[in-house]
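User: I would like to see how the labels used for a structure follow from their definitions. Please show it first.

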Amino acid sequence: MRLELSTEDRAFRQEMAEFFTTEVPASIRTAVLEGQEISPDMIRESQRALNAAGLAVPHWPTEWGGRDWTDLQRHLWHEEMVRAGVPAPLPFNTSMIGPVLAQFASQEMKERFLPATANLDIWWSQGFSEPDAGSDLAGLRTTAVRDGEDWIVNGQKTWTTLGQYGDWIFTLVRTDPDAKKQLGISMLLIDMTSPGLEVRPIELIDGGHEVNEVWFTDVRVPGENLVGEVNQGWTMAKFLLGNERVGVAPVAMVKRMLARAKALAGDQLADPLTRARIAELENELLALELTALRVVAHSAGGAPHPASSVLKLRGTELQQAVSELMVDLAGPASLVPTAAEGSDVPLWARRAAPVYLNYRKASIYGGSNEIQRQIIARTILGL
Ligand SMILES: Cc1cc2nc3c(=O)[nH]c(=O)nc-3n(C[C@H](O)[C@H](O)[C@H](O)COP(=O)(O)OP(=O)(O)OC[C@H]3O[C@@H](n4cnc5c(N)ncnc54)[C@H](O)[C@@H]3O)c2cc1C
């Protein structure tokens, strides 16, 4: 099989590459390419540059900033963006709540939130998971009870990524405790400065602070912040989680990580075992890339193809395998703390172990890999 881009698609790829490498500040791109920590301001600056050029939300309806591109064009856009070291637009905004609002919200709500969401004037957090309601999300217990026009929310969310920067949080709440569990859930948008809402940090295995608990104590939410109809939340959650699964499949990113590992391997490339390991990872990645193209070619009407579960599963496994390769390439140097002042051990080697530890998360979030295997067994293999 020979996959070749048409002249138009090659020109499109070139146009994207040129934009990303000239219009997004080099300081941000270098930080990404060198695997440094990326600040929220860098993410904002980069997303706004993209949005000003109509490149932040190409998959949204055109009325709200979408581009009506082919799936292949979207794939090329993403690939060039990652290759250039441009931070991806904040997924909570562009891949999760944005498409849900565009599909299910009232016209007023779309006008109020969609432009600010595309431009990252609002930083969204995802308030779905709770203790005892992760894979079994429908078991969530945070309640919203009517009080006149408003809702009163009580409960706890957990694992809220980057919630410390969040302006608003989109939540699933129980609005009918007596209905069958999937049928009593609604989606509410909540201003994170509301009295009674508290964000508490969770420290991760790599020492970083990227997730939080969010507590709600009698938080008053205006009735107009309900998305769609009351008790329709499960439909929106399924729509959102399907998109999330595609969004977390890191094919382009693993490609970049692996190319970097190869470049950093230096003399170690003389070792046939290291070469074989890299070659195997490259082959696996190529196979995954073909699956990614198949998925984009067969996702209709906003609903992702079930093979997106394969992308999530294999993509995160390869991401973890490459992060492990980096630790092995760094060897004992990977144990030097990242904060070591004046160390002559290069930063990539010092970051190898924390990054390896951090990526343990990838097989859990976005629907754990065990759950993806269940989906593959049921919907693809018919077991
Ligand atoms: C770093 C990180 C960031 C996250 N960010 C967010 C966020 O921003 N917002 C948000 O709402 N959530 C977030 N999550 C939550 C994430 O979606 C859940 O952790 C995930 O859905 C798994 O749920 P759980 O942790 O409750 O595990 P559980 O559901 O308790 O699962 C525990 C183990 O049992 C396995 N298991 C469970 N059910 C089955 C089954 N039916 N068959 C086979 N195996 C099963 C799981 O695969 C897992 O290995 C994040 C999680 C992590 C780790």
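Analyst: By class, the shell around the ligand holds seven nonpolar, eight polar and two charged residues. Ala, Val, Leu, Ile, Met, Phe, Trp, Tyr, Cys and Pro count as nonpolar, Asp, Glu, Lys and Arg as charged, and the others, Gly among them, as polar. This is a predicted model, where local features need pLDDT of at least 70 and side-chain atom pairs pLDDT 80 or more, while totals for chains, interfaces and linings use all residues. Residues are numbered from 1 along each chain as its sequence is written, and side-chain values use heavy atoms, without hydrogens and water.

User: Which residues come nearest to the ligand?

Analyst: Of the 17 residues around the ligand, they are S135, W159, T161, S368 and E370. A residue is near if one of its heavy atoms lies within 4 Å of the molecule.

User: Why does Q320 count as buried?

Analyst: Buried means under 20% relative accessible area, exposed over 50%, and partly exposed in between (1.4 Å probe, protein chains only). Q320 has 12% relative accessibility, so Q320 counts as buried. The side chains of Q320 and S363 also form a polar contact of 3.0 Å.

Key. A polar contact is a pair of N or O atoms within 3.5 Å; within protein, one must be able to donate a hydrogen and the other to accept it, and residues adjacent in sequence count only if both atoms are side-chain atoms.
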